[in-house]
Amino acid sequence: QELRSRGLRCDEIMYNSLIDGCAKARKLQEGLQVFEEMQQNRVAPSNITFSILVRLYFEAGEIDAAFSLVDGMFTRFRCMPNRVVYMVLLRCCASHGGVALERGAKLLAELMSRRNSKMPDQ
């Protein structure tokens, strides 16, 4: 809001930084509002944006929402998830443990079975 009051427009990097700050502060709704504003201002989200959103959801305990976001990236945003997104998702699953870790393991097995998949490097 402060930037707008000064007549400045945000670019993808600025929006990503704001969403990242929300993730670190565990402020899900604020982060989602920034993402919504990003879309309204026709700033295209990138794989970096989506990797930050995955972390935002995990920080809020919204594991299903994180998986749904990644599953719907291409159909909703015309952005194919890449290794960065999958790595962040899998790391979040590992850190969270429990059911999230099981889902992450299933996803990893699914990715490994796909031809030309965006397999994480590590």
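Where in the chain is the place of Leu8? Leu8 lies in the loop between helix 1 (2-5) and helix 2. The structure discussed here is a predicted model. The chain is built from seven helices and zero strands, and 42% of its 122 residues count as buried. The points below begin with the whole chain and then turn to individual residues.

**Overall architecture**

- Followed along the sequence, the elements give the pattern α-α-α-α-α-α-α, in keeping with a count of seven helices and zero strands.
- The chain has a radius of gyration of 15 Å, which agrees with the value near 14 Å that a compact globule of 122 residues would have.
- Taken along the principal axes, the box filled by the C-alpha atoms is roughly 50 × 30 × 20 Å.

**Surface and charge**

- The chain exposes about 7700 Å², and carbon and sulfur atoms supply 49% of that area.
- There are 17 positive and 14 negative charges in the chain.
- The mean position of the positive charges and that of the negative charges are 5 Å apart.

- Most residues other than glycine have a negative phi.
- Arg26 has a positive phi of about 55°, although it is not a glycine.
- Arg26 is placed in the loop between helix 2 (12-24) and helix 3 (28-40). With a relative accessible area of 58%, Arg26 is exposed, because exposed means over 50%.
- Arg42 likewise is not a glycine, yet its phi is positive, at about 55°.
- The loop that holds Arg42 runs between helix 3 and helix 4 (47-59). Arg42 also counts as exposed, at 77% relative accessibility.

**Cysteines**

- How many disulfides does the chain have? The count comes to zero, where a disulfide requires a pair of cysteine sulfur atoms within 2.5 Å.
- For Cys22, the closest cysteine sulfur is in Cys10, at 12 Å, so the two are too far apart for a bond.
- Cys79 is in no disulfide either, since the nearest cysteine sulfur, that of Cys92, is 17 Å away.
- Is Cys22 buried or exposed? Cys22 is buried, with a relative accessible area of 12%, because buried means under 20%.
- Cys79 counts as buried too, at 10% relative accessibility.

**Selected residues and their surroundings**

- Leu111 belongs to helix 7 (residues 98-113). Its relative accessible area is 0%, and Leu111 is therefore buried.
- Leu111 and Tyr86 are 25 residues apart along the chain, and their C-alpha atoms are separated by 9.4 Å.
- Ile13 is part of helix 2. Its relative accessibility is 62%, so Ile13 counts as exposed.
- Between Ile13 and Val85 there is a sequence separation of 72 residues, while the C-alpha atoms of the pair are 16 Å apart.

**Distances across the chain**

- Leu8 and Asn82 are 74 residues apart along the chain. What distance separates their C-alpha atoms? The separation is 31 Å.
- Arg26, in the loop between helix 2 and helix 3, stands 87 residues from Ser113 along the chain. The C-alpha atoms of Arg26 and Ser113 are separated by 34 Å.

Note on methods. Residues are numbered from 1 along each chain as its sequence is written. This is a predicted model: local features need pLDDT of at least 70, side-chain atom pairs count only at pLDDT 80 or more; totals for chains, interfaces and linings use all residues. Side-chain values use heavy atoms; hydrogens and water are left out. Helices (H or I, at least four residues) and strands (E, at least two) are DSSP runs, numbered from the N terminus. The radius of gyration is taken over C-alpha atoms; the globule rule is 2.2 Å times the number of residues to the power 0.38. Buried means under 20% relative accessible area, exposed over 50%, partly exposed in between (1.4 Å probe, protein chains only). Accessible areas come from the Shrake-Rupley method with a 1.4 Å probe; for residues, only the protein chains shown count as cover. Lys and Arg count as positive and Asp and Glu as negative; His and the chain ends are not counted. The place of a charge is taken as NZ of Lys, CZ of Arg, CG of Asp or CD of Glu.
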